[in-house]
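Here is a briefing on one predicted model.

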Amino acid sequence: MEALLKFTPDLYIDSMGYAFTLPLFRWFGGCRVGCYVHYPTISTDMLGRVSQREAAFNNAAFIARSSTLSAGKLIYYRLFAYVYGLFGRRADVIMVNSSWTKDHIVSLWKVPQRTSVVYPPCDTSGFSSNELCTLPDRASKKHLIVSVAQFRPEKNHALQLRAFTQLLTLLKGSELEVELVLVGGCRNDGDQERVDVLRALARELRIDRHVRFELNASYDKLRQLLCSATIGLHTMVNEHFGIGVVECMAAGSVTLAHDSAGPQMDIVVDWMGKKTGYRSDTVDGYAHNMLEILSMPDADRDALRQHARLSVRRFDDKTFAGEFISQTECLFR
């Protein structure tokens with residue numbers, strides 16, 4: 001409001017998810033308005049989860065168990081979704097970061113003719129600047145399975161540990177050596193507590209000597225790990241896009257991502273008629289997919305890695321800049 005009163009802009013583009021500011025600048029500032037939506041503030045998935053009384057990281061178990069609390073939350077969510085759509089559709093140009101996000105925004109804002117997918121800029125060149133490395137990792141002589149994700153509940157690291165436990169069972173008697181490396185930002189005490197819980201789970205599953213945690217790794221360390229990894233692991237349900245998945249593919253690791261949202265619809269998809277990676281959504285599925293990747297002939301696996309690396313060039317900085325300018329050009333006329 002202060003910016004609107006002191007220096008009224010001609011053009012306002014929101015990229016922070018503040019949909020409720022859009023009518024403010026349009027109606028009171030007379031501005032041309034655009035937005036870039038990374039993640040819907042509310043989604044039809046969230047409405048469905050509450051309606052079905054399904055416990056999740058954003059629907060507490062005590063609410064899911066109560067029909068009264070669930071009904072109250074559902075009323076609140078539906079009201080919020082209505083107002084969110086009412087305000088969001090005030091934008092002249094609506095850009096979203098993935099097909100999954102587009103589906104939800106179109107469902108809530110109801111202006112498909114003004115809604116376009118503009119994939120976010122990813123550092124594909126930085127992660128693919130070197131030739132594909134030889135596998136397994138030369139330093140450790142192990143096949144590295146690397147997960148890159150902040151230590152937040154929705155990233156579902158526990159599924160990774162359980163799937164890795166099952167993989168070790170499947171590998172009994174094999175000469176293959178594997179190590180699971182969990183790379184992620186640890187922002188505060190809450191994140192550290194989650195890391196401690198995961199370490200305890202690894203000990204409980206008796207796999208702790210095969211699991212390594214890399215907290216707050218530098219860019220160079222992250223790049224080194226991904227470039228030497230055999231498998232890039234991702235387990236978040238409904239990741240709106242999945243920049244980390246793109247980085248795994250650009251680095252040359254075979255990606256095994258969750259079979260939902262961005263990875264399912266935009267990233268780990270057939271490209272030029274060929275496979276670019278694997279997707280799963282169960283512990284058993286993850287374990288068997290990892291086994292399949294590790295068991296592939298080197299030539300076949302290297303061909304898959306190279307093809308996946310080429311496929312993610314469509315998510316680079318240059319492509320984003322061109323698409324963003326193309327979509328917003330009408331706001332400058």
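Contact means heavy atoms within 4.5 Å. Helices (H or I, at least four residues) and strands (E, at least two) are DSSP runs, numbered from the N terminus. The model is predicted, local features need pLDDT of at least 70, side-chain atom pairs count only at pLDDT 80 or more, and totals for chains, interfaces and linings use all residues. Residues are numbered from 1 along each chain as its sequence is written, and side-chain values use heavy atoms, without hydrogens and water.

**Helix pair**
- Ala-81, Tyr-84, Gly-85 and Gly-88 of H5 meet Ile-105, Leu-108 and Trp-109 of H6.
- The residues of this contact are five nonpolar, two polar and no charged (Ala, Val, Leu, Ile, Met, Phe, Trp, Tyr, Cys and Pro count as nonpolar, Asp, Glu, Lys and Arg as charged, the others, Gly among them, as polar).
- H5 (residues 67-88) and H6 (residues 99-109) pack at about 95°, with axes 8 Å apart; axes are lines fitted to C-alpha atoms over the stretch in contact, and angles run from 0 to 180 degrees between N-to-C directions.
- H5 and H6 are therefore roughly perpendicular (65 to 115 degrees).

**Backbone**
- The peptide bond from Leu-135 to Pro-136 is cis, with omega near 0°; Pro-136 is in the loop between helix H7 (124-127) and E5.
- Arg-206, in the loop between helix H9 (189-204) and strand E7 (211-215), has a positive phi near 60°.
- Arg-206 counts as exposed at 74% relative accessibility (exposed is over 50%, with a 1.4 Å probe and protein chains only).
- Asn-216 has a positive phi of about 50° and is found in the loop between E7 and helix H10 (219-227).

Methods
Angles under 35 degrees count as roughly parallel, over 145 as roughly antiparallel, 65 to 115 as roughly perpendicular and the rest as oblique. Buried means under 20% relative accessible area, exposed over 50%, partly exposed in between (1.4 Å probe, protein chains only).
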